[in-house]
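Biologist: Please show me the model, and then let us go through it by question and answer.

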Amino acid sequence: MFTMAKEVFKQLFKKPFTNLFPAKHIPKSVGGFLRDVEKGKVKMNPPVPTPPGFRGRVEYHRERCNGCMLCTRVCPANAVVSKPKERKIDYHLFRCTFCGECVKVCPVKALEFTDEFLLADYSRD
Ligand code: SF4
Ligand code: SF4
């Protein structure tokens, strides 16, 4: 019991192991917090750079896409859907598991990972 209390006490004065949420990316809906940041009441946490190879939101470069449909074949989550008439695709973020198969298979780099990690929203699309 004493050992545990000692450990808890020690932890109170240690720095957190995780990065603090970068306030720069806080959504507008958290307006009160941002106003406090502006007034200097709350400290702004600087964003931590994402590591190389980070798998954020997948960006679809429509103009590069040649309509080969390889990405639709490899996607395990049905997040890439073909639009045969246009010979293009639709990417559905809400289904994506960030496995990277489509990015790997695309011959023209029309699908790429971005650094965007703040993906929660009220709309599925
Ligand atoms: S990253 Fe994976 S789950 Fe997401 S669209 Fe590409 S293949 Fe599908
Ligand atoms: S693999 Fe690339 S080029 Fe082929 S359909 Fe998908 S996004 Fe377009």
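The questions below concern a predicted model, starting with its ligands.

Biologist: Which residues come nearest to ligand 1?

Modeller: The shell around ligand 1 divides into 10 nonpolar, two polar and one charged residue. It comprises 13 residues. Those that come nearest are Cys75, Ala79, Cys96, Cys99 and Cys102.

Biologist: How many charged residues does the shell around ligand 2 have?

Modeller: Ligand 2 is surrounded by 13 residues, the closest being Cys65, Cys68, Cys71, Cys106 and Ala110. By class, 11 of the shell are nonpolar and two are polar. The number of charged residues is therefore none, as Asp, Glu, Lys and Arg are what count as charged.

Biologist: Which residue stands opposite Val81 in β3?

Modeller: Strand β2 covers residues 80-83 and strand β3 residues 88-91; the two run antiparallel and are joined by four bridges. Their hairpin has four residues between the strands, and Arg87 has a positive phi near 55°. Opposite Val81 stands Asp90.

Biologist: Is Tyr60 buried, exposed or partly exposed?

Modeller: Tyr60 lies in strand β1, residues 58-60. Beyond four places in sequence, Tyr60 is in contact with Ile89, Tyr91, Ala110 and Leu111. A buried residue needs 20 or more other C-beta atoms within 10 Å. Because Tyr60 has 19 C-beta neighbours inside 10 Å, its class is partly exposed.

Biologist: How many residues has the largest nonpolar core?

Modeller: Among its members are Val58, Val80, Ile89 and Leu111. Val80 touches Cys71, Cys75, Ile89 and Cys102, among others. The largest nonpolar core has a residue count of 11.

Conventions:
Residues numbered from 1 in each chain as written. Chains lettered and ligands numbered in written order. Predicted model: local features only at pLDDT ≥ 70, side-chain atom pairs only at ≥ 80, totals over all residues. Near = placed C-beta within 6 Å. Core = buried A, V, L, I, M, F, W, Y, C linked by C-beta atoms within 7 Å. Buried ≥ 20, exposed ≤ 12 C-beta atoms within 10 Å, placed from the backbone. Contact = placed C-beta atoms within 7 Å. Pairing = 2+ DSSP bridges.
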